[in-house]
Amino acid sequence: MASTRAQGRSGSTANAIDVVSLTKRFGRHDALRAVDFTVPRGSVYGLIGPNGAGKTTTMRILLDIIRSTSGRTAVAGTDSRTGGPDLRRRIGYLPGELILQGRITGRRLLSHYAAVSGPVPPGRIDELAERLRIDLDRPVRKLSKGNKQKLGLIQAFMHDPEVLILDEPTSGLDPLIQREFLGMVKEVRDEGRTVLLSSHVISEIQEAADAVVILRDGVVVEVAGVEVLRRSAVRRVRLQVETRDERALDADLAESGLTAVTRHVRDGLADVQAELGGPIRPLLRALATLPVHDLVLEEPDLQDAVLRLYGTDRPALVPGDAAVGAGDSDEVAR
Ligand SMILES: Nc1ncnc2c1ncn2[C@@H]1O[C@H](COP(=O)(O)OP(=O)(O)OP(=O)(O)O)[C@@H](O)[C@H]1O
């Protein structure tokens with residue numbers, strides 16, 4: 001995973017992002033409480049959680065836009081508080097609330113940003129503008145929300161930063177442009193660079209991210225590989241089985257590991273609907289001796305796993321699922 005580029009301009013092999021015992025208090029409100037996570041170089045991490053969970057606050061502290069109450073953060077191995085403009089140039093940042101006004105054109109605005117955070121390779125701005133389908137010669141105040149967001153994305157990507165920190169990057173983008181953006185994120189990872197992005201769109205996280213950090217009320221409730229998390233979700237099961245003895249069928253189903261079982265029996269055929277939260281083997285064992293006509297086992301859904309973590313204290317991971325070696329896309333980094 002650690003290519004030459006992944007090792008960065010600093011030559012260090014440290015994590016791209018370190019968040020250590022991070023606390024942020026606004027008045028009497030604890031926006032972040034002892035938040036810990038790391039993002040390995042060359043990976044894409046999703047920072048997700050319900051409204052007000054602390055995602056934007058975490059990102060703003062990483063950029064040193066606001067300061068923590070306690071704890072520390074580092075980007076590309078450099079402390080956020082001491083990195084200054086040099087560190088800022090190595091990061092591409094898209095703020096959650098992008099305010100762009102004035103008569104200035106998109107092109108002029110981006111040249112201004114390029115002078116601050118560059119160097120930007122020749123032709124790069126036009127290439128990104130073409131991919132994201134935006135006319136750079138219009139005044140920014142006349143641009144729609146989605147087109148302003150595209151300018152924000154261009155300024156975040158144009159100088160090929162080592163680390164991209166993107167706060168709700170696809171907000172306001174149409175589906176075609178969202179797809180283009182996800183392609184850009186994958187290219188960044190393929191080049192050994194790193195992306196931390198927040199999103200409320202779980203399908204997008206499933207497609208783009210290797211792992212997620214789930215925040216709720218300022219606390220990390222899970223850090224897990226996307227695939228590990230997805231596999232931990234409840235699967236919906238539908239089953240058609242011949243039966244002459246309903247009580248015997250119920251006894252078999254009780255052994256199968258299925259939960260939330262409902263069944264309707266007609267003409268000796270039972271239609272069973274249920275959920276499977278654990279391993280599949282007990283189900284297969286229970287079904288092996290039954291005259292099964294049909295079985296549908298749905299793919300586990302990341303959204304189901306994530307929503308459980310947004311709302312309750314129940315752990316999402318099945319024991320034994322979480323331990324995956326470094327460098328694997330299922331990496332657990334806590
Ligand atoms: N400048 C501020 N002053 C006071 N409270 C703040 C400030 N900024 C954020 N907060 C509070 O901190 C908490 C975390 O806010 P934050 O914006 O980080 O959440 P978020 O996870 O990004 O939410 P969303 O998904 O709605 O964007 C919220 O309760 C918010 O009201």
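User: Hi! Among contacts in the protein between residues at least 6 apart in sequence, what percentage join residues at least 24 apart?

Analyst: That comes to 72%. Two residues are in contact here if their C-beta atoms, placed from the backbone, lie within 7 Å. Keep in mind that this is a predicted model, where local features need pLDDT of at least 70 and side-chain atom pairs count only at pLDDT 80 or more, while totals for chains, interfaces and linings use all residues. Residues are numbered from 1 along each chain as its sequence is written.

User: Thanks. How many helices and strands does the protein have?

Analyst: There are 11 helices and 14 strands. Both are DSSP runs, numbered from the N terminus: helices are H or I with at least four residues, and strands are E with at least two.

User: And what percentage of the residues count as buried?

Analyst: Of the 334 residues, 38% do. A residue is buried if 20 or more other C-beta atoms lie within 10 Å of its own, exposed if 12 or fewer, and partly exposed in between, with C-beta atoms placed from the backbone.

User: Which residues does UniProt list for a domain?

Analyst: The unreviewed UniProt entry lists residues 17-242 as "domain: ABC transporter". UniProt positions are given in the numbering used here, feature names are shortened, and annotations may be inferred rather than shown by experiment. Over residues 17-242 the chain is 34% helix and 31% strand, with its end C-alpha atoms 56 Å apart.

User: Let's look at the ligand. Which residues are around it?

Analyst: The shell consists of Phe26, His29, Ala31, Gly49, Asn51, Gly52, Ala53, Gly54, Lys55, Thr56, Thr57 and Gly96. Strand E2 (29-39) and helix H1 (55-62) are the elements that give two or more residues to the shell. To count as near, a residue needs its C-beta atom, placed from the backbone, within 6 Å of the molecule.

User: Which element gives the largest share of that shell?

Analyst: H1 does, with 3 residues. By class, the shell has 3 nonpolar, 8 polar and 1 charged residues. In this scheme Ala, Val, Leu, Ile, Met, Phe, Trp, Tyr, Cys and Pro are nonpolar, Asp, Glu, Lys and Arg are charged, and the others, Gly among them, are polar.

User: Back to H1, then. Why is H1 described as largely enclosed by the rest of the structure?

Analyst: Because 7 of the 8 residues of H1 are buried. Those are Lys55, Thr57, Thr58, Met59, Arg60, Ile61 and Leu62. H1 lies across strand E3 (44-48), E7, E8 and strand E9 (211-216), running at about 145° to E7. Axes are lines fitted to C-alpha atoms, for helices over the stretch in contact, and angles run from 0 to 180 degrees between N-to-C directions.

User: What comes just after H1?

Analyst: Asp64, which takes a positive phi of about 60°. Most residues other than glycine have a negative phi. Asp64 sits in the loop between H1 and E4, and it is partly exposed, with 19 C-beta neighbours inside 10 Å.

User: Now the sheets. In what order do the 6 strands of the open sheet stand?

Analyst: The order is E6-E7-E8-E3-E9-E10, with mixed pairing. Two strands pair if DSSP finds at least two bridges between them. Strand E6 (91-94) and strand E10 (219-225) stand at the edges with a single partner strand each, so one side of each has no neighbour in the sheet. Neighbouring strands here are turned by 15° against each other on average, direction ignored.

User: How do E7 and E8 run, parallel or antiparallel?

Analyst: Strands E7 (residues 163-167) and E8 (residues 194-198) run parallel, joined by 5 bridges. Leu164, for example, has Val195 in E8 as its bridge partner.

User: And how many bridges pair E1 with E2?

Analyst: There are 7 bridges, in the antiparallel sense. E1 and E2 form a hairpin with 2 residues between them, and Gly27 in the turn has a positive phi of about 60°. Strand E1 (residues 17-26) also runs antiparallel to strand E4 (residues 70-75), over 5 bridges.

User: Last one: where is His293?

Analyst: His293 is in strand E14 (residues 292-297). With 12 C-beta neighbours inside 10 Å, His293 counts as exposed. The C-alpha atoms of His293 and Glu242 are separated by 7.1 Å, although these residues are 51 residues apart along the chain.
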